[in-house]
Each structure stands twice: as structure tokens, then as C-alpha cells.
Amino acid sequence: MTLDDLHAYLRTKPDSIEDFPFGPEPSVYKIEGKMFALVIPSQDGWRINLKSPPDEAIQLRDVFTSVIPGYHMNKRHWNTINFPGDVPEAELQRQIDVSYALVVKGLPKAVRLRLETRHSSGLLYPN
């Protein structure tokens, strides 16, 4: 997956907004002001921080060498994925979907209901 492909996929998340609070390079993707992804380009490729259920975060680190505890994040809930690496594109997309869904799930009920009404296609909570 290229960096452009990654950004294109992140932009498909309903109501996601790309922000640059740390300068021109790192991209922060948010839903309702809450971050679900942080993309950092590097000389060798890029890395992305994604939220994960704590048990799954540990499992992913055990399975993939390019998945490490979240860099500058709460290491219980966040992973950093380095690219190029050994995470297949479909798995990366699944992890993005999970991160997005976890953040949406943590939003206030009224906000979730508004989002669900606006996006009745089920895109907010992927399998």
C-alpha cells in the first residue's frame, strides 16, 4: 500500500477529517474531534498509529514484526504499524476500520445516534 492509497482509504471513513496539528507532515485523522489515526511519513516509508482493543493490540504485536506499541501513545490501546512491513493491506484496512469504530463507539450517545442516522449504511461499525 502506498502512502497515497493509505490517505485515500482513511478519507473513506464517514465524517473523517484530516488535520495537521503537529505541522505539515504528520496527518491526524479524526471523527468528531477524536483521533482514530496518525500518519507519519518517513524516509524509508511511513508509519501509522491506530487504536485497538488491548488484547488485540498485544496479539497483533505478536503476529507482525512491523506492529509495535504505539509511539508516543497509550501503549495499551494504540499500536504503531511501520511500512513497508509484514502487515497485508487487507489487515491494515481492518485495523483502520477497528480504530475508527472504537473511537465512534466512545463518542457521546447523542453524537453516535446523529452519525448513525446520517450513515445508515452501517459504515460506522464494520465487521
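The exercises below work through strand pairing, the nonpolar core and salt bridges in a predicted model.

Residues are numbered from 1 along each chain as its sequence is written. Local features need pLDDT of at least 70 and side-chain atom pairs count only at pLDDT 80 or more, totals for chains, interfaces and linings use all residues, and side-chain values rest on heavy atoms, with hydrogens and water left out.

**Exercise 1.** Determine how strand 2 pairs with strand 1 and with strand 3.

*Solution.* Helices (H or I, at least four residues) and strands (E, at least two) are DSSP runs, numbered from the N terminus, and two strands pair if DSSP finds at least two bridges between them. Strand 1 (residues 16-19) runs antiparallel to strand 2, to which 4 bridges join it, and here glutamate 18 stands opposite tyrosine 29. The hairpin of strand 2 and strand 3 has 2 residues between the strands, and glutamate 32 takes a positive phi near 55° in it. Taking buried to mean under 20% relative accessible area, exposed over 50% and partly exposed in between (1.4 Å probe, protein chains only), 4 of the 5 residues of strand 2 (residues 27-31) are buried, so this strand is largely enclosed by the rest of the structure.

**Exercise 2.** Identify the residues with the most contacts inside the largest nonpolar core, and the element that gives the most to this core.

*Solution.* A nonpolar core is a set of buried Ala, Val, Leu, Ile, Met, Phe, Trp, Tyr and Cys residues joined through side-chain atoms within 4.5 Å. The largest one has 25 residues, and Leu10, Phe36, Ile48, Leu92 and Ile96 have the most contacts inside it. Helix 3 (89-105) is among the elements that each supply at least two residues, and helix 3 gives the most, with 5 residues.

**Exercise 3.** Locate the partners in the salt bridges of lysine 13 and arginine 114.

*Solution.* A salt bridge is a side-chain nitrogen of Lys or Arg within 4 Å of a carboxyl oxygen of Asp or Glu, and by this rule the count comes to 6. Lysine 13 meets aspartate 97 at 2.7 Å, N to O; lysine 13 is in the loop between helix 1 and strand 1 and aspartate 97 in helix 3, 84 residues apart. Lysine 13 is buried at 9%, as is aspartate 97 at 13%. Arginine 114 meets glutamate 32 at 3.1 Å, N to O; because arginine 114 lies in helix 4 and glutamate 32 in the loop between strand 2 and strand 3, the pair ties together parts that are 82 residues apart in sequence.
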